[in-house]
Each structure stands twice: as structure tokens, then as C-alpha cells.
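Try each task before you read its solution.

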Amino acid sequence: QVRLVESGGGLVQAGGSLRLSCAASGIIKTINNMAWYRRAPGNQRELVATITSGGSTNYADSVTGRFTISRDNAEKLVYLQMNSLKPEDTAVYYCTASIIRYGSNSAYDYWGQGTQVTVSS
């Protein structure tokens, strides 16, 4: 009914760039905050970046200045532009969104299935 699907992951050398995309679909009335998380092997899930419906952004200290989150409200998309990638950025990246469905007044958090990003040294 509501799906988030990430794309754009892959293998890149240190110093390179990748752009992740996440498309929301389904019976969506409103999308509030959207965010990217990541989980590296053996680590806890880490918040990478957030963006409000109005476009205000926030970043983890580890990615500030290198990553940029953006969104296209009309197309229900959120992006993560990742530059100057480091091996420690290797992780599965997940997008999440707070969504109100048609027929409901409550917002729920939805998650994508994740996309692998691997940065080689």
C-alpha cells in the first residue's frame, strides 16, 4: 500500500561519488520528514541525514560537508548525494519517511529495503 524503494547503491573507490534515490508510492496523502539511515556490518543503525517537508536539513557530523539530502515533493522522491566517499561510509543505506495515508489522520514511519554502498580504499 505504501512502499519506499531505494536505488543508486554500488561499489565506488574512495574519493568518489554516488547518488541514492528513494521513491515513495502508494495511497499517500502527505509525506512529512524523510531521512536516510545506514547500517555497517557489526554496527548499530546510524542516522545520516534528515529533511523536512519544507526542505530544512540536518546531517550527522560524520557526513557534514560531504553528503547532501534533497527531495522532490511532487514526485515523492528523496535523494542522498554522497561525495568524497570514504571506506567507513560502507553500509546498507535505508530511506524512511513519515507518511499519512489517504483515509487516515495519523502518520506512520515507512522504510525501504535498503541499498548497499561499498567504498573501496
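Before we start, one definition: two strands pair if DSSP finds at least two bridges between them. Keep in mind, too, that this is a predicted model.

**Exercise 1. Follow strand 4 into strand 5 and strand 5 into strand 6, and describe each hairpin.**

Step 1. Begin with the pairing: strand 4 (residues 28–39) and strand 5 (residues 46–51) are antiparallel and share five bridges. One of the pairs to look for is R38, whose bridge partner in strand 5 is E46.

Step 2. Now look at the turn. Six residues lie between strand 4 and strand 5 in this hairpin, and G42 in the turn has a positive phi of about 80°.

Step 3. Move on to strand 6 (residues 57–59), which runs antiparallel to strand 5 and is joined to it by three bridges. Here A49 stands opposite Y59.

Step 4. This second hairpin has five residues between its strands, and G55 takes a positive phi near 100°.

**Exercise 2. Work out the strand order of the open sheet with four strands, and find its edges.**

Step 1. Reading across the sheet, the order is 1-3-8-7, with antiparallel pairing.

Step 2. Strand 1 (2–7) and strand 7 (67–72) each have a single partner strand, so one side of each has no neighbour in the sheet. These two are the edges.

Step 3. Compare directions: on average, neighbouring strands of this sheet are turned by 15° against each other, direction ignored.

Step 4. Zoom in on strand 3 and strand 8 (residues 77–82), an antiparallel pair with six bridges. Within strand 8, Q81 is the bridge partner of R19.

Step 5. Stay with R19 a moment: R19 also lies over the face of Y79, at 3.9 Å from the ring centre.

**Exercise 3. Which cysteines does the disulfide join, and which strands does the bond tie together?**

Step 1. Apply the cut-off: the two sulfur atoms must be within 2.5 Å. C22 and C95 are joined in this way, with 1.9 Å from S to S.

Step 2. C22 belongs to strand 3 (residues 18–26) and C95 to strand 9 (residues 91–101), so the pair ties together parts that are 73 residues apart in sequence.

Step 3. By the same cut-off, the count comes to one disulfide.

**Exercise 4. Is S98 buried or exposed, and which residues does S98 touch?**

Step 1. Locate S98 in strand 9.

Step 2. Buried means under 20% relative accessible area. S98 has 14%, so S98 is buried.

Step 3. List the contacts, leaving out residues up to four places away in sequence: S98 touches T30, I31, N32, N33, A107, Y108 and D109.

**Exercise 5. Find the aromatic pair and describe how its rings are placed.**

Step 1. The structure holds one such pair. Y37 and W111 form the pair, with 5.0 Å centre to centre and 50° between the planes, which makes the pair tilted.

Step 2. Consider accessibility: W111 counts as partly exposed, at 35%.

Step 3. Finish with Y37, where R45 lies over the face of the ring, at 5.2 Å from the ring centre.

Terms used: Residues numbered from 1 in each chain as written. Predicted model: local features only at pLDDT ≥ 70, side-chain atom pairs only at ≥ 80, totals over all residues. Heavy atoms only, no water. Axes fitted to C-alpha atoms, helices over the stretch in contact; angles between N-to-C directions. Buried < 20%, exposed > 50% of the residue type's maximum accessible area, 1.4 Å probe, protein only. Contact = heavy atoms within 4.5 Å. Phe/Tyr/Trp six-rings, centres within 6.5 Å; stacked < 30°, edge-to-face > 60°. Lys NZ or Arg CZ within 6 Å of the ring centre and 35° of its normal.
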